[in-house]
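Thanks for coming. Please look at the structure on the screen, and I will go through some of its parts one by one.

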Amino acid sequence: MTAVDVSAKLVSALIGAIYDCAIDPSRWESALGEMVAALDCRNALLSLTDMRYDRLLFTRSFGMNEEWWHSFHDKHVPEVAAQLSAIFASWPSDKPFVISRDLPPDVLQSSGYVDAFRPAGIVDVLQFFLIGSPKRFAGLALTRCQPQGIFSDRDVELAGLLLPHIRRAVTISDLLDLQALERTHFTDALNALRCAVLLTDINGKIVHANRSAEKMLRDATAIRDQRGILKAVLTPASRELSQAIKLAAKDDFQIGKTGLAVRLSEDDSSPVMAHVLPLATSELRSRFEPAAVAAVFIRNREDTRDNAELLATTYELTPAETRVLSCVLAGRSLAESASELRIAAATVRTHLNGIFRKTGVSRQQDLLLLAAQLSPPAEVI
């Protein structure tokens with residue numbers, strides 16, 4: 001019997017709590033508490049770490065001993081982040097990582113950070129990989145102590161069901177200006193966003209489109225308005241969007257990975273991705289627009305400037321390097337970048353080499369991947 005057979009109602013409730021966090025991040029502690037109870041854990045920690053400076057940028061936790069955690073963080077974060085980031089690079093994106101079964105035996109025996117778990121009574125850790133790069137690592141960890149024992153196959157299966165929904169919630173909450181949502185009417189806040197947002201009913205009828213979405217609909221290069229119904233230009237994408245919207249109207253569990261990262265463009269250098277958030281099954285999410293069952297969030301190509309600025313802040317790029325990076329993220333060649341910036345191609349190459357040195361990558365394609373990981377993660381997410 002599978003985790004779905006045993007706990008369908010429980011999983012649906014958990015996923016609903018996770019999706020509410022996309023709109024209201026203050027609910028993460030409560031949602032983490034529900035996950036801890038469902039998986040019979042001791043505590044949970046959602047975190048983002050700046051590996052360059054060995055410091056935490058963001059944490060949300062439940063049941064965590066703060067004194068032990070800060071001591072553990074100060075002593076072992078470089079080792080933890082380095083080892084987990086290396087594992088993340090080749091680990092399946094839809095599979096939780098469990099120390100007792102997935103950490104190599106030699107590392108399990110010799111790792112200082114595994115030894116550091118013992119004073120806290122921790123015997124196993126289940127890790128969700130959310131973001132991984134040479135400079136940053138983000139994940140959700142749940143721990144077990146001796147009374148609970150190590151994680152079972154059933155626990156790992158249940159955790160795997162939750163993983164895509166956690167990614168979806170983290171992705172969408174990063175796209176939203178949540179302070180603006182608190183200050184203004186929801187639709188006014190959506191109009192202020194640079195990403196496109198469309199609210200639809202179960203048949204895909206557009207109930208609301210913010211200004212960015214209206215522009216995308218007029219351009220009709222990725223999405224289009226077909227007699228009031230949201231359609232993607234690419235047929236496979238249109239089918240997946242329609243399927244995700246219909247599933248969103250049923251319950252939060254049904255949607256699964258469908259609509260998690262729908263590719264709306266064929267351009268590998270600057271892909272346009274859509275993410276579907278269920279609205280109908282939560283009072284918190286449905287109150288914004290009662291007629292809507294789903295919200296479709298689309299990160300546009302025009303957001304590459306935001307990505308460049310985020311990378312520039314993270315890696316301390318110069319203004320000149322940031323301008324070159326923006327061109328690279330927009331898919332322009334060295335010659336095109338030089339023409340747009342009105343500088344010599346050799347100067348562009350010099351700045352690009354500086355960007356490579358600071359970010360720790362050596363190819364333009366790797367810069368695109370790094371931007372996707374550090375910005376709201378279209379494919380991680």
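Helix H10 covers residues 211-219, and its buried residues are Ser-212, Ala-213, Met-216 and Leu-217. Buried means under 20% relative accessible area, exposed means over 50%, and partly exposed is what lies in between, with a 1.4 Å probe and protein chains only. Helices (H or I, at least four residues) and strands (E, at least two) are DSSP runs, numbered from the N terminus. Seen down the axis of H10, the buried residues fall within an arc of 140 degrees, so they line one face of the helix. The arc is taken over the directions from the helix axis to the C-beta atoms. An α-helix has 3.6 residues a turn, so residues three or four places apart point the same way. On the other side of H10, Arg-211 and Arg-218 are exposed.

A word on where this comes from. This is a predicted model, in which local features need pLDDT of at least 70 and side-chain atom pairs count only at pLDDT 80 or more, while totals for chains, interfaces and linings use all residues. Residues are numbered from 1 along each chain as its sequence is written, and side-chain values use heavy atoms, with hydrogens and water left out.

Next, helix H16. Which residues are buried in H16? In this helix, residues 334-341, they are Leu-334, Ser-337 and Ala-338. These residues cover an arc of only 100 degrees around the axis, which puts them on the same side of H16. The face turned away from that buried side carries Ala-335 and Ser-339, which are exposed. After H16 comes Arg-342, with a positive phi near 60 degrees.

H16 also packs against H15, at an angle of about 130 degrees and with the axes 10 Å apart. That makes H15 oblique to H16. For the terms: axes are lines fitted to C-alpha atoms, for helices over the stretch in contact, and angles run from 0 to 180 degrees between N-to-C directions. Angles under 35 degrees count as roughly parallel, over 145 as roughly antiparallel, 65 to 115 as roughly perpendicular, and the rest as oblique. The crossing of H15 and H16 is right-handed. A crossing has that name if the near helix is turned clockwise from the far one by less than a right angle, and is left-handed if anticlockwise.

Now the strands. An open sheet of five strands has the order S7-S6-S12-S11-S10, and the pairing is antiparallel. Its edge strands are S7 and S10 (262-263), each of which pairs on one side only. Two strands pair if DSSP finds at least two bridges between them.

S6 has neighbours on both sides to look at. Three bridges join S6 to S7, residues 206-209, and these two run antiparallel. Leu-198 stands opposite Ala-209 in S7. S6 and S7 form a hairpin with five residues between them, and Gly-204 in the turn has a positive phi of about 85 degrees. S6 also pairs with S12, residues 294-299, in the antiparallel sense over five bridges. Here Ala-196 stands opposite Ile-298.

Val-197 lies in S6, which spans residues 196-200. Is Val-197 buried or exposed? With a relative accessible area of 0%, Val-197 is buried. Val-197 and Asn-210 are 13 residues apart along the chain, and their C-alpha atoms are separated by 5.7 Å.

There is another hairpin, made of S8 and S9, with two residues between the strands. Four bridges join S8 (residues 223-226) to S9 (residues 229-232), and the strands run antiparallel. Ile-223 has Ala-232 in S9 as its bridge partner. In this hairpin, Arg-227 takes a positive phi near 55 degrees.

Last, salt bridges. Side chains of opposite charge can pair when their charged atoms come close. The rule used here is a side-chain nitrogen of Lys or Arg within 4 Å of a carboxyl oxygen of Asp or Glu. How many salt bridges does this rule give? The count comes to six.

One of them joins Arg-144 and Asp-155, with the closest N and O atoms 3.1 Å apart. Arg-144 lies in strand S5 (residues 136-145) and Asp-155 in helix H7 (residues 153-175), so the pair ties together parts that are 11 residues apart in sequence. Both Arg-144 and Asp-155 are buried.

Another salt bridge joins Lys-358 and Glu-321, at 2.9 Å between the closest N and O atoms. Lys-358 is in helix H17 (residues 345-359) and Glu-321 in H15 (residues 319-329), so this pair ties together parts 37 residues apart in sequence. Lys-358 counts as partly exposed at 21% relative accessibility, and Glu-321 counts as buried at 6%.
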